[in-house]
Amino acid sequence: MKEIQKKRFGKKGLEPFVADILLIIIGISIGGLLLSFSTGFTGEHLEQTSSLLNCTVAELSVTDVYLVGNKASVIVRNPGRSSVVISSAKLYHKSGPEGIVTTAFPLVVPISSLRSVEFVGAPICGNFDNVQIFTSCPGLSVRYSGSPKCS
Amino acid sequence: MRSKGVSPLVATTILIIIAVSLSYVIFNWQSFSIGSFSSSFETATKEKLQCQRASLAVFSASYNCNTFCDEGTAHTISLTLHNPGNIILNPRSIYLKNSTGGLFELSASGELGLGQTLIFQNVSTASCEGISQKIDEIVVTTDCPEVVGILPGSSISWVSCP
């Protein structure tokens with residue numbers, strides 16, 4: 001019986017102090033890993049949500065379209081509460097090919113600002129159909145089909 | 001069983017202190033990230049509500065070309081702005097749109113109190129080639145993004161312009 005007890009409990013192992021330190025180190029390491037993962041994960045999602053929420057207060061309007069020769073200038077205004085990034089634009093004729101945009105995108109339109117989007121291959125005055133401006137905000141685009149100012 | 005160690009009371013206290021400290025750190029981190037995120041949204045909503053009571057009128061404008069349109073010559077635009085709204089407005093920029101779609105931005109600074117009428121001036125040494133006698137419309141923007149003052153180009157007085 002004594003021999004069995006010796007075999008069972010007399011095994012050498014780590015000192016309790018060393019075991020505690022090891023446990024603490026393992027605990028802190030796992031905690032650190034989890035924290036850094038959750039920080040990155042939460043930060044990334046918070047940033048995405050923030051930019052989407054900014055889109056809820058973003059607005060864009062086309063104030064005027066000027067047609068001069070084969071050039072068109074589309075004046076856009078940002079009356080919203082967040083900067084708007086224009087990602088693309090299209091100019092359609094009633095008949096014939098689309099206008100070719102010459103403005104470099106992305107074009108940032110800060111709050112309370114006006115910017116011009118330029119095209120070549122624009123239609124003659126009576127052939128203008130509409131202009132469409134697309135932004136990086138999902139669902140925020142503007143279509144203008146009013147009368148252009150021609151000269 | 002005979003090995004020495006901390007007493008259960010001390011161990012429990014240490015555990016509680018560690019748990020409370022960690023909770024405090026995580027709470028602060030979360031409230032900082034979420035707090036700054038929601039406060040910007042709150043500010044935007046507050047400003048939008050205030051701006052519903054704002055309005056701006058441009059009574060008149062004059063543009064002094066100083067005889068030449070060359071770059072380096074001082075060109076002065078003077079605008080008479082009126083605030084008929086219920087909040088103080090700060091004009092931000094003056095945009096000059098010419099008849100061919102050219103857009104010129106000039107800065108504006110100052111404060112327009114309730115019911116106040118003031119003359120705002122901007123002096124620029126940039127060329128006035130695309131501006132002189134060619135302006136289709138003046139647009140004045142303010143710190144309320146939805147509020148602008150507009151004056152047709154036909155109402156501008158041109159002074160010493162070629």
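Domain bounds, as used here, come from an automatic or database domain assignment. For chain A, that assignment gives domain 1 (2–56) and domain 2 (61–150). The structure is a predicted model, in which local features need pLDDT of at least 70, side-chain atom pairs count only at pLDDT 80 or more, and totals for chains, interfaces and linings use all residues. Residues are numbered from 1 along each chain as its sequence is written, while chains are lettered from A and ligands numbered from 1 in the order in which they are written.

The confidence of the prediction may be considered next. The term pLDDT denotes the predictor's confidence in each residue, from 0 to 100. Chain B has a mean pLDDT of 89, and 97% of its residues reach 70 or more. The model scores ipTM 0.76 and pTM 0.77. Where pLDDT is low, the predicted coordinates should not be read in detail.

In chain A, the centres of domain 1 and domain 2, taken over C-alpha atoms, are separated by 55 Å. Helices (H or I, at least four residues) and strands (E, at least two) are DSSP runs, numbered from the N terminus. Helix α2 (residues 16–56) of chain A has 41 residues and should span 60 Å at 1.5 Å a residue; its end C-alpha atoms are 58 Å apart, which agrees. The expected span is 1.5 Å times one less than the number of residues in the helix. A residue is called buried if 20 or more other C-beta atoms lie within 10 Å of its own, exposed if 12 or fewer, and partly exposed in between, with C-beta atoms placed from the backbone. By this criterion α2(A) is hardly covered, since the count of buried residues among its 41 residues is zero.

The strands of chain A come next. Two strands pair if DSSP finds at least two bridges between them. Five strands of chain A form an open sheet of mixed pairing, in the order β4-β6-β2-β1-β9. At the edges stand β4 (100–101) and β9 (149–150) of chain A, each with a single partner strand, so one side of each is left without a neighbour in the sheet. Strands β1 (residues 61–68) and β2 (residues 71–77) of chain A pair in the antiparallel sense over seven bridges; Val68(A) has Lys71(A) in β2(A) as its bridge partner.

Elsewhere in chain A, strand β3 (residues 84–93) runs antiparallel to strand β7 (residues 128–135), and seven bridges join them. Lys90(A) stands opposite Gln132(A) in β7(A). β7(A) also pairs in the antiparallel sense with strand β8 (residues 141–144) of chain A, over four bridges. Their hairpin has five residues between the strands, and Gly139(A) takes a positive phi near 85° there.

Chain B also contains residues with positive phi. Asn66(B), a residue other than glycine, has a phi near 60° and lies in the loop between β1 (57–64) and β2 (75–82) of chain B. Asn66(B) is partly exposed, with 16 other C-beta atoms within 10 Å.

Finally, the two chains touch. Residues are in contact if their C-beta atoms, placed from the backbone, lie within 7 Å. The contact takes 21 residues from chain B and 21 residues from chain A. On the side of chain B that touches chain A, α1 (8–51), β3 (91–98) and β6 (135–142) of chain B each supply at least two residues, and α1(B) gives the most, with six residues.

Conventions:
Contact = placed C-beta atoms within 7 Å.
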